[in-house]
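Here's a quick briefing to read alongside the sequence and the 3D view. Take a look at both, then work through the points below.

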Amino acid sequence: MRAAGIALVIIIALALQTSLARFLTPGGGLVDLVFVAVVYIALSSGATAGMVAGAIAGLSQDALAASGTLSVVIGAGAVSTRSIIGIGSLAKTVVGFFSGIVGSQFIVARPLPRALVFFTATVAHAIIFVGLYRMLDQGNAEPSTSAIFGQAGANALVGVVLFQISEFLPGFVDRRRSMGGSMHINRRF
């Protein structure tokens with residue numbers, strides 16, 4: 001995937017995340033669509049693309065949250081702290097890189113292994129993200145483990161569905177083209 005394609009996917013995910021977040025959950029943080037896009041790009045395009053996607057997505061989210069006070073939302077647990085640009089980018093870059101390595105070294109073509117990668121990547125992202133904030137700002141509280149696992153499960157579900165849709169659509173379009181663009185019903189009398 002080229003840089004323009006990566007940027008386009010991240011922009012679409014960021015637009016969906018910011019516009020749909022208030023409708024998804026009361027805290028707006030159950031599913032992180034931008035993070036799902038990063039792991040999707042990493043699994044489908046490799047470690048370098050995952051690293052670039054993580055850097056672009058993280059910096060974009062950090063810049064949007066750079067109002068001075070950041071509300072870190074992981075699942076149902078919300079933590080208010082001072083905004084530090086770069087922490088989200090670092091966490092997404094590291095996880096995007098390692099997700100790309102896992103995708104290139106192991107067979108991650110079925111829904112269950114993909115769900116496992118999305119789940120563990122979300123947990124790793126939360127550990128890195130919250131850990132860095134904890135080191136730099138001692139005054140903030142940590143989100144609960146159930147909130148992190150809830151977000152990991154939701155991200156895994158959305159990621160697997162995204163993969164299934166992206167694999168179904170090209171075959172569907174090809175089948176429609178081979179039928180001449182219209183439905184043919186074979187009738188035998």
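What follows goes from the whole chain down to single residues.

This is a predicted model, in which local features need pLDDT of at least 70, side-chain atom pairs count only at pLDDT 80 or more, and totals for chains, interfaces and linings use all residues. Residues are numbered from 1 along each chain as its sequence is written, and side-chain values use heavy atoms, with hydrogens and water left out.

**The whole chain**

- The protein chain has six helices and two strands; helices (H or I, at least four residues) and strands (E, at least two) are DSSP runs, numbered from the N terminus.
- Contact means heavy atoms within 4.5 Å. Take the contacts in the protein chain between residues at least 6 apart in sequence: 75% of them join residues at least 24 apart.

**Helix α2**

- α2 has 13 residues and reaches 18 Å from its first C-alpha to its last, close to the 18 Å expected at 1.5 Å a residue. The expected span of a helix is 1.5 Å times one less than its number of residues.
- Why is α2 described as largely enclosed by the rest of the structure? It's because 11 of its 13 residues are buried.
- Those buried residues of α2 include Leu33, Phe35, Tyr40 and Leu43.
- Val36 sits in helix α2 and counts as buried, at 2% relative accessibility.
- Leaving aside neighbours within four places in sequence, Val36 is in contact with Phe118, Asn155, Val158, Gly159 and Leu162.
- Val36 and Val158 are 122 residues apart along the chain, yet their C-alpha atoms are separated by 7.5 Å.
- Just after α2, Gly46 takes a positive phi of about 110°.

**Helix α4**

- α4 (residues 87–105) has 19 residues and reaches 27 Å from its first C-alpha to its last, close to the 27 Å expected at 1.5 Å a residue.
- Among the buried residues of α4 are Ile87, Ala91, Lys92, Val95 and Ser99.
- The buried residues of α4 pack against α2, α3 (47–64) and α5 (111–136).

**The second largest pocket**

- About 280 Å³ of space lies in the second largest pocket.
- Of the 13 residues lining this pocket, the closest to its centre are Ala13, Leu16, Leu33, Ala37 and Leu162.
- How is a pocket found? On a 1 Å grid over the protein atoms alone, a pocket is an open set of points where a 1.4 Å probe fits, with protein on both sides within 12 Å along at least five of seven lines; lining residues have an atom within 4 Å of a point.
- Grid points are joined across faces, edges and corners, and the volume is the space filled by probe spheres set on the points.
- α1 (3–24), α2 (33–45) and α6 (145–178) each supply at least two residues of the lining of the second largest pocket, and the largest share, five residues, comes from α6.
- By class, that lining has 12 nonpolar, one polar and no charged residues. Ala, Val, Leu, Ile, Met, Phe, Trp, Tyr, Cys and Pro count as nonpolar, Asp, Glu, Lys and Arg as charged, and the others, Gly among them, as polar.

**Two partly exposed residues**

- Phe149 is in helix α6 and is partly exposed, with a relative accessible area of 43%.
- Not counting residues up to four places away in sequence, Phe149 touches Phe119 and Val123.
- Ile12 is in helix α1 and counts as partly exposed, at 45% relative accessibility.

Key. Buried means under 20% relative accessible area, exposed over 50%, partly exposed in between (1.4 Å probe, protein chains only).
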